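User: I'm new to reading protein models. Could you walk me through one, feature by feature?

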Amino acid sequence: MSRRVALGALGAGAVAVAGYQLRGEAESLPKRPAASTGKNPVARENRSAGSQQWRIGQSGTRAADDKKIQIQGYASATSVSRGESIDFHISAHRAQECTVAVYRVGHYGGDGARHLLTGDPVRVEPRERPVPDPDTGLIACDWPVAWTLDVPGAWVSGIYLAVFTSADGFRSSTPFVVRDTERRSDLLMVLPFTTYQAYNLWPFDGRTGKNLYKGYTPAGEIGGNEERALQVSFDRPYVDTGVPRWFEMDTATARWAEEAGFDITYASSVDLHEGRIDPARYTAVVFSGHDEYWSQEMRDCAEEAVEAGTHLAFLASNNIYFHIRVEPSADGREGRVVTCYKETPDPEPGAAGPTVRWRKLAKKRRKAEQGLLGVQYNGILAKPAPLVVRESGHWFWKGTGLRDGDSIPDLVGVEADGFDPSMPRPADSKQTLLAASPYTDSWGRGRREHNASLCENTEGTLVFVAGTFHWPLALNEPAHLNPLVQRATRNLVDRMLEPRRQV
C-alpha cells in the first residue's frame with residue numbers, strides 16, 4: 001500500500017515524518033570542507049551577518065512597476081569577474097537622486113542575503129521607453145550608464161542583486177553573477193539568464209512589452225505567437241520589481257547549498273555560451289532552475305563536461321528545449337540578444353541549424369534533449385501532483401524512509417519531464433528512474449507520467465534530472481520546504497563529490 005508522505009519542517013536530530021524516522025540535517029549530514037582546494041570561502045562568507053534590507057517594504061519602500069517606471073534598471077552584463085567593473089543603466093519616473101545597494105544572495109543565518117555596499121547617491125532621470133523593432137519585436141533600451149560597480153577582488157563568487165531605491169521611496173533590483181573561473185570549486189552553479197530573458201515581458205505596461213512567447217495586441221490585451229518577439233535583449237529591466245520569472249528556484253538552491261557548506265562558485269548561461277567555463281575544473285555542474293533556452297555552444301559545454309567526467313545535476317524541468325543564438329547588440333556588444341524563431345522560418349540558421357526545438361533539429365531526432373539528459377519535457381500541470389517514488393532502495397533515497405509507491409504531495413508542479421522510449425538516450429549509461437508520477441496535462445494532451453532520472457555512464461559520471469519545477473523550491477523556499485527533497489539532494493551531491501567509481 002502506498003503512503004502519502006506529509007510535508008514538514010526539519011529540525012536538528014531525528015524527526016518523525018508520516019510514521020517513520022528521518023534523520024535531521026544537523027545530526028547526520030555535517031557541513032563539509034572543499035574537496036578541490038582544502039579551503040571553502042563560501043562557508044566563511046556565510047558566517048558574516050546577513051540583512052533583509054534588500055526586500056521591498058523595508059524602510060517603507062514601495063514596489064516599482066512597468067507602467068510608471070518609478071525606478072528600474074539593468075546591468076551591462078549577466079556576470080562579472082572579481083576585479084572587473086559592471087555598469088547599471090537606470091531610469092526614474094521623475095528626475096531625482098537614487099541609491100544603488102549591492103547584496104550577495106546566500107543563507108546568512110536565514111536572512112537570505114548580505115549587504116556589501118551602498119554607493120553614493122546618483123542622479124537619475126526619465127529615459128525613453130523603446131519601441132519594438134518592426135521585424136523582430138526586439139525591445140532594447142539605450143539608457144546611459146548611471147552607476148558603475150568596481151567589483152572588489154575579495155568578493156566571493158555568487159548571485160548578487162543591485163537594489164535601486166528612489167528618493168521618493170520606490171524600489172526595484174536586477175540580478176547579476178560574480179564569477180571566479182580561476183578557482184577550482186567542487187560545484188559550479190549556472191543561472192539560466194537566457195531563459196530569464198526569454199520570459200521577460202518588459203515593459204508590462206498594457207501596450208509595449210514582448211517576450212519570446214507573447215506580446216500586446218493593439219487593443220492592449222496579451223496576445224500569442226503573432227504578437228511575440230523573435231529576439232529579446234538584455235538591455236532592459238526585468239518586469240516590475242526586477243526579479244526574473246522563476247528566479248526563486250535559483251536563489252533557493254543557492255541558499256540551501258551554502259547553508260549545507262558546499263564549496264560552490266557561480267556562472268551565468270551566457271558564460272557557458274561565450275566559452276568562459278572549463279567544465280573539467282569542477283566536480284559537478286548544477287543547473288538550478290528553469291533552463292529552457294540553450295545555444296549550441298551551451299550544449300557543447302555540457303556534453304564536454306560529461307566527457308571530462310564532470311557530473312551534471314538539473315534540478316528543475318523542461319531543460320534544453322529551445323535552440324537559440326546569443327548574438328551581439330546593435331552597437332556590437334557581445335551576448336546581449338537572445339534569438340529564437342521557433343515556428344517562424346529562421347532567416348539565418350547558421351552552422352548550428354535553425355532556432356527551433358532541439359528535438360526537431362536533426363533527422364531521427366538525434367539532437368533531442370533526452371540524449372543528454374535521460375528524460376525530457378512532456379507536459380504542463382494545471383495544479384501540482386504528488387511525486388511517486390520508485391527505486392526506494394537506491395542510494396539516492398537513503399535516509400528518507402521512503403518506500404516504492406510513496407507519494408510526496410505537490411512536488412510535481414508547473415512543468416514536468418518524463419522518459420520517452422522513442423527518443424535517444426545517453427550513450428553507454430545505466431539509467432534509473434527514481435520517480436514515476438502520473439499527472440494530467442493541462443493542454444489537453446491527456447495522462448502523462450513524470451520521471452526523475454539518474455544516468456551513470458561507464459566512467460561513473462552522473463547526470464541527474466529532477467523533472468519538476470518544485471524540486472529546487474523544496475530546498476529552501478518556505479512555502480515548499482521539504483526535508484525529503486533536501487535529504488535526497490544532499491545524497492546526490494555527496495555521491496557526486498565522492499572519489500570516482502566505475503559501473
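Analyst: Of the 503 residues in the chain, 60% count as buried, where buried means under 20% relative accessible area, exposed means over 50%, and partly exposed is in between (1.4 Å probe, protein chains only). Keep in mind that this is a predicted model: local features need pLDDT of at least 70, side-chain atom pairs count only at pLDDT 80 or more, and totals for chains, interfaces and linings use all residues. Residues are numbered from 1 along each chain as its sequence is written, and side-chain values use heavy atoms, with hydrogens and water left out.

User: How many helices and strands are there in the chain?

Analyst: Helices (H or I, at least four residues) and strands (E, at least two) are DSSP runs, numbered from the N terminus. The chain has 9 helices and 30 strands. Its radius of gyration is 22 Å, close to the 23 Å from the globule rule for 503 residues, so the chain is as compact as a globular protein of that length. That radius is taken over C-alpha atoms, and the rule is 2.2 Å times the number of residues to the power 0.38. Along the principal axes, the C-alpha atoms fill a box of roughly 65 × 55 × 40 Å.

User: What do contacts in the chain join?

Analyst: A contact means heavy atoms within 4.5 Å. Among contacts between residues at least 6 apart in sequence, 72% join residues at least 24 apart. Take isoleucine 324, which sits in strand E20 (residues 322-327). Leaving out residues up to four places away in sequence, isoleucine 324 touches several others, including Thr194, Trp294, Val338 and Thr355. Isoleucine 324 and valine 356 are 32 residues apart in sequence and 7.6 Å apart in space, C-alpha to C-alpha.

User: Is isoleucine 324 buried or exposed?

Analyst: Isoleucine 324 counts as buried because its relative accessibility is 1%.

User: Which residues have a positive phi without being glycine?

Analyst: Two examples can be set side by side. Isoleucine 320 has a positive phi of about 50°, and lysine 364 has one near 55°. Isoleucine 320 lies in the loop between strand E19 (311-314) and E20, while lysine 364 is in the loop between strand E21 (337-339) and helix H7 (370-373). Isoleucine 320 is buried, at 0% relative accessible area, whereas lysine 364 counts as exposed, at 80%.

User: Where is the cis peptide bond that involves proline 203?

Analyst: That bond joins tryptophan 202 and proline 203, with omega about -5°. Proline 203 is in the loop between helix H3 (193-199) and strand E15 (231-233).

User: How many disulfides does the structure hold?

Analyst: A disulfide is a covalent bond between the sulfur atoms of two cysteines. Here it is a pair of cysteine sulfur atoms within 2.5 Å, and the structure holds 0. For cysteine 98, the nearest cysteine sulfur, that of cysteine 141, is 15 Å away. Cysteine 301 has its closest cysteine sulfur in cysteine 455, 19 Å away, which is too far for a bond. Cysteine 98 is buried at 2%, and cysteine 301 is buried at 7%.

User: What lines the second largest pocket?

Analyst: Rolling a probe the size of a water molecule over the atoms shows where empty space is left. On a 1 Å grid over the protein atoms alone, using a 1.4 Å probe, a pocket is an open set of points with protein on both sides within 12 Å along at least five of seven lines, and lining residues have an atom within 4 Å of a point. The second largest pocket holds about 610 Å³ of space, a volume being the space filled by probe spheres set on the points, which are joined across faces, edges and corners. Of its 26 lining residues, the closest to the centre are Tyr199, Tyr213, Ile380, Glu415 and Trp443.
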